[in-house]
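I opened this structure for a first look. These are my notes, in the order I made them.

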Amino acid sequence: MDRAKYVALLGAGALLGSVSTIFVLKLLQRRGAQQWSKNTAELNGMEGCTATHKRNDKVANEDLLNDDIVSEHLTRNIQFFGFESQRKVTASYVVVIGLGGVGSHAASLLLRSGVGKLLLVDFDQVSLSSLNRHAVATRADVGIPKALCLKEHFLSIFPECQIDAKVLLYDASSEEEILSGHPDFVLDCIDNIDTKVALLAACARRGLKVLSATGAGARADPTRIRIADLRESTNDPLSRAVRHRLRKDHGIEGGIPVVFSLEKPKVKLLPFKGPSGEEENPSDYQIVPGFRVRIIPVLGSIPAIFGQVMASYVVTQLAELQVQTEPVVNFDMDHYHTLHQRLIEHEESLYGSAVHVQVDVEEVMYIAKELWHGRSAREQFAKDVGRGMWRSVNELMLVRWDCTKPASVSNLILLKFKEADEHESRTIDDIKKEEPEFYNRVTSVLKRAELDFGL
């Protein structure tokens with residue numbers, strides 16, 4: 001009997017799938033006929049394509065989800081985000097600058113995720129050597145500008161998206177043309193320092209949200225890719241140079257999220273050899289001043305992952321889905337043991353016993369790393385990054401948020417020694433009354449611990 005029910009369920013599922021497929025195919029056939037009629041009319045001069053490109057308002061993009069084909073295309077996203085949040089993605093406008101191994105994959109995933117309007121910018125052409133990492137380029141595309149190559153392929157994937165392609169080098173003269181139009185996000189996938197710094201400074205000046213990719217070449221470990229503030233990126237010469245230039249030339253200390261790898265580069269640039277086979281000065285062969293000539297050794301999967309990480313970050317931001325990125329905290333297990341031991345000693349000193357310490361070293365690691373990002377609960381933003389975090393543990397300790405409750409995973413905060421003394425001289429009611437913003441922020445973080453541990 002059970003076998004018969006199982007077979008019946010399989011049959012019903014197959015029938016439902018077939019009906020859905022036939023329905024979608026009919027819609028696609030109807031869409032194809034409409035598109036053929038439209039193209040014929042355009043060729044006959046009966047209507048222009050101007051109207052299509054003028055649909056720049058967000059209402060038009062939001063209405064895309066009312067289209068049966070588009071809603072079926074984005075059904076998994078709708079299930080994940082919810083309909084209204086996906087509408088925000090579909091109504092968004094994103095600019096992607098630099099369409100190589102990182103940018104092409106970022107743009108591709110943004111398109112497939114339903115971003116309603118894209119501006120694709122790159123001055124370069126598809127080359128044979130870029131085929132190991134480009135998202136869509138084929139040998140037939142070699143010699144075609146990357147921006148036009150992507151647009152052509154993208155229109156076959158999501159033709160309802162408004163796609164503009166510019167074969168342009170970003171600089172001061174093209175800034176207005178590229179950054180005007182109030183984009184919801186700008187993706188910096190440029191690998192030239194001067195251009196990168198100019199773009200990031202312009203985004204900061206214009207108040208535009210920007211996500212920047214650092215060096216993806218010469219790496220092999222996908223598990224070390226992170227998103228963090230530019231100040232926190234390590235083991236990346238490009239990040240280091242960009243940080244220095246932004247601070248020196250534009251007074252920008254941080255506040256720019258970047259995708260980077262914690263991994264040290266595995267290989268270096270090879271010596272440049274000219275047509276004669278002799279080593280020569282690469283700058284003598286530059287088509288555009290300041291841009292590299294030598295090919296950086298690249299494992300194609302790494303820049304692809306960089307781009308996909310960027311797209312995921314941007315889409316969740318556009319959908320207003322709160323995602324807590326893993327902090328870049330360079331503590332090792334000895335540091336967590338130290339924090340755990342300090343907690344035990346402090347409890348014994350203050351309460352005469354450590355019997356109410358309800359956390360082990362693994363939970364201390366979660367509290368310090370995931371909840372408080374390796375810094376005092378009083379610091380909203382990172383001041384010490386990289387090696388500074390190793391030193392900061394010397395002045396941090398875990399204390400109870402509410403002294404009337406046990407030292408549990410949802411009742412411990414990370415504070416500096418002096419801050420801990422002051423905290424323990426006050427009640428929770430005092431803090432709530434005198435510092436409501438701090439109180440709300442801490443209780444929100446501790447609520448997350450309750451949810452994570454099912455408390």
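**Ground rules**

I am working on a predicted model, where local features need pLDDT of at least 70, side-chain atom pairs count only at pLDDT 80 or more, and totals for chains, interfaces and linings use all residues. Residues are numbered from 1 along each chain as its sequence is written, and side-chain values use heavy atoms, with hydrogens and water left out.

**Helix 18**

I took helices and strands as DSSP runs numbered from the N terminus (helices H or I, at least four residues; strands E, at least two). Helix 18 covers residues 436-453. I checked its length against 1.5 Å times one less than its number of residues. Its 18 residues should span 26 Å, and the end C-alpha atoms are 26 Å apart, which agrees.

Next I looked up burial (buried is under 20% relative accessible area, exposed over 50%, partly exposed in between, with a 1.4 Å probe and protein chains only). Phe-438, Tyr-439, Val-442, Val-445, Leu-446 and Ala-449 are buried in helix 18. Down the helix axis, the buried residues fall within an arc of 140 degrees, so they line one face of helix 18. I took that arc from the directions from the helix axis to the C-beta atoms. The face turned away from the buried side carries exposed Glu-437 and Leu-451.

What do the buried residues of helix 18 pack against? I found helix 14 (361-371), strand 9 (412-416) and helix 17 (428-434). Contact here means heavy atoms within 4.5 Å. After helix 18 comes Gly-454, with a positive phi near 65 degrees.

**Ring pairs**

I paired rings of Phe, Tyr and Trp (its six-membered ring) with centres within 6.5 Å; planes under 30 degrees apart are stacked, over 60 edge-to-face, the rest tilted. The count is four aromatic pairs. In one, Phe-80 and Phe-81 have ring centres 5.1 Å apart and planes at 85 degrees, so the pair is edge-to-face. Phe-80 is exposed at 60% relative accessible area, whereas Phe-81 is buried at 16%.

Trp-401 and Phe-438 have ring centres 5.8 Å apart and planes at 75 degrees, so this pair is edge-to-face. Trp-401 lies in the loop between strand 8 (396-400) and strand 9, and Phe-438 in helix 18, so the pair ties together parts that are 37 residues apart in sequence. I find Trp-401 buried at 7% and Phe-438 buried at 6%. With Tyr-439, they form one aromatic cluster.

I then looked for charges over rings (NZ of Lys or CZ of Arg within 6 Å of the ring centre and within 35 degrees of the ring normal). The charged end of Arg-378 sits over the ring of Phe-438, 3.8 Å from its centre. Arg-400 has its charged end over the ring of Tyr-351, 4.0 Å from the centre.

**Pro-183**

Where does Pro-183 lie? I place Pro-183 in the loop between helix 9 (175-179) and strand 4 (185-188). Pro-183 is buried, at 7%. Not counting residues up to four places away in sequence, Pro-183 touches Tyr-93, Val-95 and Leu-208. Val-95 is 88 residues away along the chain, yet the two C-alpha atoms are separated by 6.6 Å.

**Cores**

I defined a nonpolar core as buried Ala, Val, Leu, Ile, Met, Phe, Trp, Tyr and Cys residues joined through side-chain atoms within 4.5 Å. The largest has 47 residues, and Val-94, Leu-110 and Leu-187 touch the most other members. Its largest share, eight residues, comes from helix 12 (residues 301-318). Apart from this core lies another, of 34 residues, including Val-357, Val-364, Leu-398 and Val-445.
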